[in-house]
Amino acid sequence: MLHGLPMDRDVSPFVPPSQISLVRETRPVSPMLFPDGHEGWFITGYEAVRQALADTRFSNRQDLGIIHVPFPTPGMPEQTEPSPQTPGLFISMDPPDHTRLRRKLTGAFTVKRMKALEEGIIEITERQLDELAQLTPPVDLVKEFALPVPSLVICEILGVPYADRDTFQTNSSKFMEREVDLEDKMAAYMAMNTYLAELVTSKRAEPGDDLLSDLARDEDLSIEELCGMSFLLLLAGHETTANMLALGTFALLEHPDQLAALRSDPALIPDAVEELLRYLAVADVFFRYATEDIEFFGETIPKGSSVILSLLAGNHDPERYEHADTLDVHRNARGHLSFGHGVHQCLGQQLARIEMRAGFEGLLRRFPSLELAVPAREVKLRTDMNIYGVHALPVTWA
């Protein structure tokens, strides 16, 4: 039985901890002892993770039971009662509440709608590359490229002033830290909530041509729900893609044969994006709560159990992908779990794909001699965050 969730990526920065891979091979649905002494379940096999994501008996709601943190978290008090539901935060809801809120957004994130935004996303990416080219290396690719591109894009789509980026980037980063006191985490959330309440209230009074204005026009949504939805869109809209751009670049620089293949054939980039999504799975750990006794892959998961799903472990399952721990930009990686599965599958996945294709294509084209400016072992990994990646990526070029 696992005692807590192993976080140390002891094989490489890009593949699951060896202990997790061993658990997947021996018992893909296995009991797990949480640091507070509570026994829950850990799901690691590809098919098991995929089915659990689609099984509504595994609830997303945090108000049904106590959420047991799977890793030691200094400063976090032991939780003794369920967390209340946050209005609008539909990622933490089940149908029909989840369905009602998510339906408000599906039209804004269709493949057709995203395709119409592609030219503008490419323009934003190229402008940021122009600014990057003006700098004297070494530079931090996170600060100068990976974070600004998705932040600019999501601000433009939502109608959030980019000048306010320090507010939401600082607070969202604090909210995503694991080893942060609950009081500090909630202070960051409340600061974001206050900012967004003012923003959506102003948009309800004077709507513009943006997604938050479209939502604010809907009288069915309360201000509290608008804030929760805005928080989720803003957080997910820049955190995940920023970390994929940075960590993906790090992975390519550490795999020069794969980098060379992309440089010689840029047509491979769409497949490379899917492979990097599979290989890296920056949003790795998903929490669920068993609403009844569940017979699952030969195990009985009792009602009330905390359940942890590892998307990274599932993506690296050799029963689904041959040589799964190897980065291969020629691979057909479609079907990976990195955007989830089922009713909670990532709403913004097409937007993320467009941003990553534009980002990697532009970066490799404009900086053919790009390389790390420090030894790989000195790159600081985001093992302390709920979204994996790198805190900074010092790079240089000739």
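Author: On a 1 Å grid over the protein atoms alone, a cavity is a set of points where a 1.4 Å probe fits but cannot get out. A pocket is an open set with protein on both sides within 12 Å along at least five of seven lines, and lining residues have an atom within 4 Å of a point. Grid points are joined across faces, edges and corners, and a volume is the space filled by probe spheres set on those points. The model is predicted, so local features need pLDDT of at least 70 and side-chain atom pairs count only at pLDDT 80 or more, while totals for chains, interfaces and linings use all residues. Residues are numbered from 1 along each chain as its sequence is written, and side-chain values use heavy atoms, with hydrogens and water left out.

Reader: How many cavities of 30 Å³ or more does the structure hold?

Author: Three cavities reach that size. The largest cavity has a volume of about 160 Å³. Its lining has 16 residues, and those closest to the centre are Met 7, Arg 9, Arg 178, Asp 284 and Val 285.

Reader: How do the residues of the lining of the largest cavity divide into nonpolar, polar and charged?

Author: Ala, Val, Leu, Ile, Met, Phe, Trp, Tyr, Cys and Pro count as nonpolar; Asp, Glu, Lys and Arg count as charged; the others, Gly among them, count as polar. The lining of the largest cavity holds 10 nonpolar, two polar and four charged residues.

Reader: What volume does the second largest pocket have?

Author: The volume of the second largest pocket is about 380 Å³. Lined by 18 residues, this pocket has Val 142, Lys 143, Leu 147, Gln 169 and His 391 closest to its centre. The classes in the lining are seven nonpolar, six polar and five charged.

Reader: Which helix gives the most to the lining of the second largest pocket?

Author: Helices (H or I, at least four residues) and strands (E, at least two) are DSSP runs, numbered from the N terminus. Helix 10 gives the most to this lining, with five residues. Helix 5 (141-146), helix 7 (165-176) and helix 10 (223-253) each supply at least two.

Reader: How many salt bridges does a search of the whole structure find?

Author: A salt bridge is a side-chain nitrogen of Lys or Arg within 4 Å of a carboxyl oxygen of Asp or Glu. The search finds 18 of them. One is between Glu 299 and Arg 27, with the closest N and O atoms 2.8 Å apart. Glu 299 lies in strand 8 (residues 299-301) and Arg 27 in the loop between helix 1 (18-26) and strand 2 (29-33), so this pair ties together parts that are 272 residues apart in sequence.

Reader: Is Glu 299 buried or exposed?

Author: Buried means under 20% relative accessible area, exposed means over 50%, and partly exposed lies in between (1.4 Å probe, protein chains only). Glu 299 counts as buried because its relative accessibility is 14%. Arg 27, at 36%, counts as partly exposed.

Reader: Which residues are linked in a network of salt bridges?

Author: The network links Arg 100, Lys 104, Asp 218, Asp 220 and Glu 225. Within it, Asp 220 meets Arg 100 in a salt bridge at 3.0 Å, N to O. Asp 220 is in the loop between helix 9 (211-216) and helix 10, and Arg 100 is in helix 3 (residues 97-106), 120 residues apart. Lys 104 meets Asp 218 at 2.9 Å, N to O. Lys 104 lies in helix 3 and Asp 218 in the loop between helix 9 and helix 10, so the two parts tied together are 114 residues apart in sequence. Partly exposed residues here include Asp 220 at 42%, Arg 100 at 31%, Lys 104 at 27% and Asp 218 at 23%.

Reader: How many aromatic pairs does the count come to?

Author: Rings of Phe, Tyr and Trp (its six-membered ring) pair if their centres lie within 6.5 Å; planes under 30 degrees apart count as stacked, over 60 as edge-to-face and the rest as tilted. The count comes to seven aromatic pairs. Among them, Phe 14 and Phe 250 are edge-to-face, with 5.2 Å centre to centre and 70 degrees between the planes. Phe 14 is in the loop between strand 1 (2-3) and helix 1, while Phe 250 is in helix 10, 236 residues apart. Both Phe 14 and Phe 250 are buried.

Reader: Where does the charged end of Arg 320 sit?

Author: A charge sits over a ring if NZ of Lys or CZ of Arg is within 6 Å of the ring centre and within 35 degrees of the ring normal. The charged end of Arg 320 sits over the ring of Tyr 321, 4.6 Å from its centre. Arg 278 lies over the face of Tyr 321 at 5.1 Å from the ring centre.
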